[in-house]
Amino acid sequence: MASVPAFAPRRDEPVFARLAIIGIGLIGSSIARAAKELNLAGTIVLADRDAAVRQRARELDLGHAIAETAAEAAVDADHVILCVPVGACGEVAAEIASELKSGAILSDVGSVKGSVVDAVSPHLPEGVSFVPAHPVAGTENSGPDAGFPSLFLNRWCILTPPEGTDPSAIAKTRQFWEGMGALVEVMSAQHHDLVLAVTSHLPHLIAYNIVGTAEDLEAVTQSEVIKFSAGGFRDFTRIAASDPTMWRDVFLHNKEAVLEMLGRFNEDLALLTRAIRYGDGETLHKHFTRTRAIRRGIVALGQEKPETEKLRKD
Ligand SMILES: NC(=O)c1ccc[n+]([C@@H]2O[C@H](COP(=O)([O-])OP(=O)(O)OC[C@H]3O[C@@H](n4cnc5c(N)ncnc54)[C@H](O)[C@@H]3O)[C@@H](O)[C@H]2O)c1
Ligand SMILES: O=C(O)C(=O)C[C@]1(C(=O)O)C=C[C@@H](O)C=C1
């Protein structure tokens, strides 16, 4: 029987001899699956603070070994990736610091970069490089069962190395993510946080808010809201089902940028509100025409989610 081809080329030689993944959720387990399937690491060791998650990771045969602690997983690793909520990155870095070997590359996958750099940097031992990463790919699901190896295929992964980071550590980290099929871009942590505030964080806040508002309308809740949610509202409910711990941390740690974007959003919403109140159809039509062009531009670039999703799952 012919073997099933990998979703991306399998490497002859791994990028890293030993990879440690701390946090075995959606992202950590997806990296473990991709790295094993594509031979991106010789040995993959995983750790999670939750014993039930460690047990499930064993059952799913993720990586090559499951360590009891983060520090144990980090021993002798060439590349350590923190796949925990943004607010936990600093404490995990402190926990593993004494085990990191000279020449190792520490990384993370947090959705916010500035606060992670601030929290992790003080714990960085001499001779260890820190190359923060953010794969702009995910779903509303969490935990080790939610991951899949092609999650990062054709999706951006943004690296935000602090100034002065060893270029060879950046190159290796890029190689690793490109190996999983991601498109890699490098920028400052500050710029990342501003861009993602509007493209990812604000949309999630809006979804959390609108689904809450609809639920508060008790008169329509059980019946109409559920029954008539085939269109736009249904899309919002998917986003609003995203992990509460992860998103609490995102908003607490990207406060300034989110508040800046929320301010602009509220001003624009006031203009639309005014146009509706005064029957200004021209303003509404002009605005909707502009936003339609943006959507069509995204589709033309091949960045539209359902199409990419199809490609990734095939
Ligand atoms: N979910 C997404 O769509 C997405 C996309 C890109 C990046 N991210 C980022 O990836 C990171 C992980 O997100 P996820 O969706 O995989 O979350 P998840 O909830 O699926 O998994 C997180 C895991 O981390 C473990 N954990 C928490 N604190 C820990 C600690 N101190 N030590 C060891 N383990 C700990 C939890 O037990 C859990 O198993 C977050 O920083 C998030 O911002 C998420
Ligand atoms: O598709 C989704 O479910 C996502 O929300 C993924 C998404 C995003 O906003 O694009 C969410 C947060 C991550 O930091 C990166 C990706």
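Trainee: Which residues are around ligand 2, and what makes a residue count as near a molecule?

Mentor: The residues around ligand 2 are Ser111, Val136, Ala137, Gly138, Thr139, Glu140 and Ser200, where near means that the C-beta atom, placed from the backbone, lies within 6 Å of the molecule. Bear in mind that this is a predicted model, in which local features need pLDDT of at least 70 and side-chain atom pairs count only at pLDDT 80 or more, while totals for chains, interfaces and linings use all residues. Residues are numbered from 1 along each chain as its sequence is written, and chains are lettered from A and ligands numbered from 1 in the order in which they are written.

Trainee: How many residues of each class are in the shell around ligand 2?

Mentor: That shell has two nonpolar, four polar and one charged residues, given that Ala, Val, Leu, Ile, Met, Phe, Trp, Tyr, Cys and Pro count as nonpolar, Asp, Glu, Lys and Arg as charged, and the others, Gly among them, as polar.

Trainee: What comes nearest to ligand 1, and which helix supplies the largest share of its shell?

Mentor: Gly23, Gly25, Ser111, Gly138 and Ser142 come nearest, out of 29 residues around ligand 1, and by class the shell has 15 nonpolar, nine polar and five charged residues. Helix H1 (26–37) gives the largest share, three residues, helices being DSSP runs of H or I with at least four residues and strands runs of E with at least two, numbered from the N terminus.

Trainee: Why is H7 called roughly perpendicular to H9?

Mentor: The axes of helix H7 (residues 189–216) and helix H9 (residues 232–240) come within 8 Å and cross at roughly 115 degrees. That makes H7 roughly perpendicular to H9, as angles of 65 to 115 degrees carry that name, while those under 35 count as roughly parallel, those over 145 as roughly antiparallel and the rest as oblique. The contact of H7 with H9 has ten nonpolar, two polar and no charged residues.

Trainee: Why are H7 and H11 oblique to each other?

Mentor: Their axes, with H11 covering residues 255–277, come within 9 Å and cross at roughly 60 degrees, and H7 and H11 are therefore oblique to each other. The contact of H7 with H11 divides into nine nonpolar, one polar and one charged residues.

Trainee: Where in the chain is confidence lowest, and where highest?

Mentor: On pLDDT, the predictor's confidence in each residue from 0 to 100, the chain has a mean of 92, with 91% of its residues at 70 or more. Confidence is lowest in helix H13 (residues 305–313), at a mean of 44, and highest in strand S4 (residues 79–82), at 99. For the complex, the predictor gives an ipTM of 0.98 and a pTM of 0.93.

Methods
Axes fitted to C-alpha atoms, helices over the stretch in contact; angles between N-to-C directions.
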